[in-house]
Amino acid sequence: MRQIRDISQIMELLYLVSLFLLCFWTSETFANGSNGQTASKCITSKAVFHIFPTSHCLMCPLNAIIGRCPLGTVKITSGMGLRRCILGSNIYGCVHLCRRKAYKSVCCVDHWGPDCQSCPSKESGQLACFGNGQCYDSVAGNGTCQCNAGFEGFACELCTNKSKVGVKCSHDCTCKHGVCDSGVLGVGTCTPFSCKQGYHGKNCDQYAKSCDIKKCSKNSHCYKNKNTMLCTCNPGYTGDGVVCTEIDPCKFSNGLCGKNAVCNKTGPGQHECVCHQGYRGDGVVCTAIDPCQTNNGNCPNNTQCNYTGPGKESFVNDLSLVPWSVLDVFDNVNDKLGLFNKLFTDILDIHALVKRIKLKSKPNPFVTHEFRALMKTRDKWYRRAVKSKDKRDWNGYRFFRQEVKKEIRVAEKEYERNEINSNYGNSRSLWKTINDCLPRKSRLPAQHNSSQLADNFNKYFTSLGRSTAIKVCEIAKEHNLEIIYEQRTENPPEIQFSFHEVSEQEVVKVIKDLPANKASGPDKLPVRVIKDCLP
């Protein structure tokens, strides 16, 4: 019996150890644009069940009666529990096993790093690595793509065979003698101005035989068109064959670079794509660099790094690349302002998208559940009348419509009366209630005539000093005080107001003095963004 008891103890201990090592995992996504997460992040909570024994060793029959697990846990053993503790000499006691549920935050599939950033191409709504590779995801991953055979690039968006195009690089390019717009994102035709010498056409498949008889200018060559010798510009140049200028491919669809990349001209008809500052990639696909992914963004201990975007440096860098000189083309200040806003907001939309929030109107406090039931009945009769076009149904709808209006008037009066009585002695709340009862003041029509608007401002501000001086004299006479007042004639409107040149330093000072916690104006540009644009 002693041997059997020892074996049973060993089996119980092994069972207990196995329970300690066993974890039950369940996934439940709780953030994808919520809880402070951006749309490119995704965090999943995994439930982990920890198994542990009760802290008190009791006699086995007693443990079956009073043995309990701590609050918030679940007892997973029954009866007397497990016999695994010693009460005294050769006296064994029993304990129960308890299960506690805890949650651990981990990254969703195809998201990586401590900040759970999306893998390349995932943030644009596509499959990670465009479905052509494996992303090193999870918290320990680095977010790079291991491309399958036949694919390459930062997000496996390029075909190894440059004459292939399509999601799986399974189609042939139609471009014959030029540079094919290949890859997952390509269309299969030739990129602009990429035809080899002697070829032209959309697919660079039309050949023109060269000739040596006609002497052409620099950067052009001779070709034979039927019986005519003509000059045409060399690849990388454009013109009439007499005057040929270098082609800047960056001027055409940004050189087919990614939306977060800049196109840099490297030669006639040649270019390279480079990701903006704050982004990483190959220029075709660029993803934002999240500093929180490394060393908690160098934030102090006991703080959390919150990534909000590529950062001020990338935003300012993109602003510096905007051709602001085009504003000088316009003479009208309104045209200049309109173009400036367009150029500025296009860059701003890349770095800080407008967040639209639906505002719900406050419900009327006097509309009760009975009111809503009556309004539903009215709407029901209306739908029935529209469908049947029966006169009796229309009469029923009109009856309930009048009932709703009558009940609302009575309830509103009763509510306002109760509010006034309950706020008796509280002047602030009382006047608020009274103002809510009064009809809203109609706003004056907006002034669209700029000259009339300027004159109104002039008359108002130039009359302040004069009206104040007159009031001062009246008060002085009333108190028998002597004051010298020199009556001045009102200046004509044409000399009351004048423009003067504003320096850059004055504008910078005004922007720096703006309070950053104020709401944005009609242009919807926060003060923080405007301050970030300062040099």
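Visitor: What makes up the lining of the second largest pocket, by class?

Guide: The lining has 13 nonpolar, two polar and two charged residues. Here Ala, Val, Leu, Ile, Met, Phe, Trp, Tyr, Cys and Pro count as nonpolar, Asp, Glu, Lys and Arg as charged, and the others, Gly among them, as polar. Bear in mind that this is a predicted model, where local features need pLDDT of at least 70 and side-chain atom pairs pLDDT 80 or more, while totals for chains, interfaces and linings use all residues. Numbering runs from 1 along each chain as its sequence is written, and side-chain values use heavy atoms, with hydrogens and water left out.

Visitor: How big is that pocket, and which residues are closest to its centre?

Guide: Its volume is about 620 Å³. Of the 17 lining residues, Phe340, Phe344, Ile511, Ile530 and Cys533 are the closest to the centre. Helices H3 (312-320), H4 (333-351) and H9 (504-512) each supply at least two residues of the lining.

Visitor: Why is strand E2 called largely enclosed?

Guide: Eight of the 11 residues of E2 (residues 43-53) are buried (under 20% relative accessible area, with a 1.4 Å probe and protein chains only), so the rest of the structure largely encloses this strand.

Visitor: How do you know that E2 and E6 are paired?

Guide: Pairing takes at least two DSSP bridges between two strands; E2 and E6 (residues 97-107) have 11, so they qualify. The two run antiparallel, and Phe52 has Cys98 in E6 as its bridge partner.

Visitor: Is Asp290 buried or exposed, and what makes you say that?

Guide: Its relative accessibility is 5%, so Asp290 counts as buried. Asp290 sits in the loop between strand E24 (286-288) and H3. Setting aside neighbours within four places in sequence, Asp290 is in contact (heavy atoms within 4.5 Å) with Lys41, Asp115, Gln117 and Tyr307. A polar atom of the Asp290 side chain also lies 2.9 Å from the backbone nitrogen of Cys292.

Visitor: Which class does His111 fall into, buried or exposed, and why?

Guide: His111 has a relative accessible area of 6%, so it is buried. His111 lies in strand E7 (residues 111-112). The C-alpha of His111 is 8.0 Å from that of Val139, although the two are 28 residues apart along the chain.

Visitor: And the whole protein: how many helices and strands are there, and what share of the residues is buried?

Guide: There are 10 helices and 24 strands, and 29% of the 535 residues are buried.

Notes
Buried means under 20% relative accessible area, exposed over 50%, partly exposed in between (1.4 Å probe, protein chains only). Helices (H or I, at least four residues) and strands (E, at least two) are DSSP runs, numbered from the N terminus. On a 1 Å grid over the protein atoms alone, a cavity is a set of points where a 1.4 Å probe fits but cannot get out, and a pocket is an open set with protein on both sides within 12 Å along at least five of seven lines; lining residues have an atom within 4 Å of a point. Grid points are joined across faces, edges and corners, and a volume is the space filled by probe spheres set on the points. A polar contact is a pair of N or O atoms within 3.5 Å; within protein, one must be able to donate a hydrogen and the other to accept it, and residues adjacent in sequence count only if both atoms are side-chain atoms.
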